[in-house]
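Welcome! Here are a few exercises to work through with the model open beside you. Try each task before you read its solution.

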Amino acid sequence: MSRVEYEQVKKETLTFFENANIKLTDEEVNKIEVTDFGLNRIRELGLQLVEYVNTERCCAKDLILLPRQTCPEHLHPPVGDSPGKEETFRCRFGTVYLYVPGPKTEQPLARIPKGKEETFTVWHEIVLHEGEQYTLEPNTLHWFQAGDKGALVSEFSTKSTDENDIFTDPSIKRIPVVE
């Protein structure tokens, strides 16, 4: 992803926090992560986040999804003695379409980015509106997409080890590279 695109997406991300009246410190603004998962399709396949705390016992983050932006299918595997990350997503703004294992939703509301259809395999849809939340058990395959207005989602979880995430799409690079 180019530096110009990174800065533009970060600027848009900050407007979500401003509109939700969530104040960030200068340090938190500087720590905002903008990731395109190495796919160079940030507006389709990407995620922005700020991590507030990540200890051996808990993690708290805010995730920003631009309109219709998708966080690709992945899971948080066991690491050492941990069974994997358990996480709760709470929608603060917008709508989130979350997909997990279970009975397939016949007419899902998400739109799959072209050329990536085979990398989305779980289709049980959970729709999260503002104020609603859903908890994922460790090692659960999932993916999510914002609705037309984008979304701000608070994530509360056990320790996060993003570098260990396993994505269905083998071309994904979890840690962003900005040129």
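**Exercise 1.** In which sense do strand 2 and strand 3 pair, and over how many bridges?

*Solution.* Before we start, note that this is a predicted model, where local features need pLDDT of at least 70, side-chain atom pairs count only at pLDDT 80 or more, and totals for chains, interfaces and linings use all residues. Residues are numbered from 1 along each chain as its sequence is written, and side-chain values use heavy atoms, with hydrogens and water left out.

Step 1: find the strands, which are DSSP runs of E with at least two residues, numbered from the N terminus. Strand 3 covers residues 59–65, and strand 2 covers residues 47–54.

Step 2: look at the pairing (DSSP must find at least two bridges between two strands). Strand 2 and strand 3 are antiparallel, with 6 bridges. Gln 48, for example, faces Ile 64 in strand 3.

Step 3: follow the chain from strand 2 to strand 3, and you pass through a hairpin of 4 residues.

**Exercise 2.** Find what Asn 54 touches, leaving out residues up to four places away in sequence.

*Solution.* Step 1: locate Asn 54 in strand 2.

Step 1: list its contacts (heavy atoms within 4.5 Å). Asn 54 touches Cys 59, Lys 159 and Ser 160.

Step 2: check the surface. Asn 54 has 25% relative accessibility and so counts as partly exposed, the class between buried (under 20% relative accessible area) and exposed (over 50%), using a 1.4 Å probe and protein chains only.

**Exercise 3.** Describe how the rings of Phe 89 and Phe 144 are arranged.

*Solution.* Step 1: recall the rule. Rings of Phe, Tyr and Trp (its six-membered ring) pair if their centres lie within 6.5 Å; planes under 30 degrees apart are stacked, over 60 edge-to-face, and the rest tilted. By this rule there are 7 aromatic pairs.

Step 1: apply it. The centres of Phe 89 and Phe 144 are 5.1 Å apart with 55° between the planes, a tilted pair.

Step 2: Phe 89 belongs to strand 5 (residues 87–100) and Phe 144 to strand 8 (residues 142–157), so the pair ties together parts 55 residues apart in sequence.

Step 3: check burial. Phe 89 is buried, at 4% relative accessible area, and Phe 144 is buried at 4% relative accessibility.
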